Amino acid sequence: MSWFSIWESVRSAGIVSFVLLSISVIGGIFSSLLPKNQMNARLQMFHQISGWFGFWFAVLHMALLFFDEYVGYTWTELIIPFASTHEKLWLGLGTTALWGLAVVLISSDLLKILKRKWWKRIHFLTIPVYLFSLLHGLFLGTDTLSPSIVSLYVLSGTLFLVALILRLRVALWGKANRGGLRVRKRTT
Ligand code: HEM
């Protein structure tokens, strides 16, 4: 199978996973800022589907590494965060991101039986999941020096930061308003 390179496939699956994860995380934050209408419902669906596909590509990315003989990772090194001595930190962040993503996705599927408050708390894990996978790709990836991949990281990171700042502003504004209403109620 000379046309199939495990190493190239590992890298491609990692990059596809990161792109899908970025779309899901950034799309999800923007969707929470937009009015609830039909277009937003489509964005929500896109957010969920890209999250799941991002997860499965990350699983493929990890599973293929088992068959790569260059480093020769064992299953435990691949599955348990920070268990590998080779690139311990950057590899560990990737494994942690994958487990975190699994928890977020499963909790979203269990929304009907989970209290919304708990679902929301778990959903905040997407922030470290995204940051861990960004650092993991940036510092571990062979392709980080290629201009197109650096542009991908810069574009994704910038959009993530803008979305997060807007979301925090809305959350803080809402809190301040609620506080104001409470004070006004007490004084009347
Ligand atoms: C959400 C989870 C993950 C995402 C989004 C992700 C994404 C990425 C990206 C974008 C790269 C850079 C590829 C390149 O530059 O060629 C990469 C590299 C790498 N990842 Fe992951 N990864 C994840 C999880 C994992 C896990 C669980 C492992 C194994 C335990 C792993 C092992 C590796 C290795 C060994 C490399 C270096 C490949 C190279 O030299 O290019 N990753 N990953």
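At 34% relative accessibility, Phe 82 counts as partly exposed, where partly exposed lies between buried (under 20% relative accessible area) and exposed (over 50%), taken with a 1.4 Å probe on protein chains only. This briefing concerns a predicted model, in which local features need pLDDT of at least 70, side-chain atom pairs count only at pLDDT 80 or more, and totals for chains, interfaces and linings use all residues. Residues are numbered from 1 along each chain as its sequence is written, and side-chain values use heavy atoms, with hydrogens and water left out.

**Overall architecture**

- The protein chain contains seven helices and zero strands; helices (H or I, at least four residues) and strands (E, at least two) are DSSP runs numbered from the N terminus.
- Read from the N terminus, the order of elements is α-α-α-α-α-α-α.
- Along the principal axes, the C-alpha atoms of the chain fill a box of roughly 75 × 35 × 30 Å.
- The chain has 188 residues, of which 34% are buried.

**The iron site**

- Two histidines, His 61 and His 136, coordinate the iron atom of the ligand through their NE2 atoms at 2.0 Å; donors are N, O and S atoms within 2.8 Å of the metal (3.2 Å for Na, K and Ca), and water is not among the atoms, so sites may look incomplete.
- This pair links distant parts of the chain, with His 61 in helix H2 (residues 38–66) and His 136 in helix H6 (residues 126–140), 75 residues apart.
- The site of the iron atom is octahedral, with angles of 84 to 179 degrees among its six donor atoms; six donors count as octahedral if opposite donors are over 155 degrees apart and all others between 65 and 115.
- Both His 61 and His 136 are buried.

**Surroundings of the ligand**

- There are 25 residues around the ligand, and those that come nearest are Arg 11, His 61, His 136, Thr 142 and Asp 143; a residue is near a molecule if one of its heavy atoms lies within 4 Å of it.
- Helix H1 (6–33), H2, helix H4 (88–109) and H6 each contribute at least two residues to the shell around the ligand.
- H1 gives the largest share of that shell, namely six residues.
- The side chain of Asp 143 has an N or O atom 2.4 Å from an oxygen atom of the ligand.
- For the side chain of His 136, an N or O atom is 2.7 Å from a nitrogen atom of the ligand.
- In the case of Arg 11, an N or O atom of the side chain is 3.5 Å from an oxygen atom of the ligand.

**The loop between H3 and H4**

- Phe 82 lies in the loop between helix H3 (75–79) and H4.
- Phi of Phe 82 is near 65 degrees, which is a positive value in a residue other than glycine.
- Glu 87 is also found in the loop between H3 and H4.
- Although Glu 87 is not a glycine, its phi is positive, at about 50 degrees.
- With 36% relative accessibility, Glu 87 counts as partly exposed.

- Phe 66 belongs to helix H2.
- Its relative accessibility is 31%, so Phe 66 counts as partly exposed.
- Phe 66 and Trp 99 are 33 residues apart along the chain, and their C-alpha atoms are separated by 18 Å.

Key: Four donors count as tetrahedral if all angles lie between 85 and 135 degrees; four count as square planar and six as octahedral if opposite donors are over 155 degrees apart and all others between 65 and 115; anything else is irregular. A polar contact is a pair of N or O atoms within 3.5 Å; within protein, one must be able to donate a hydrogen and the other to accept it, and residues adjacent in sequence count only if both atoms are side-chain atoms.
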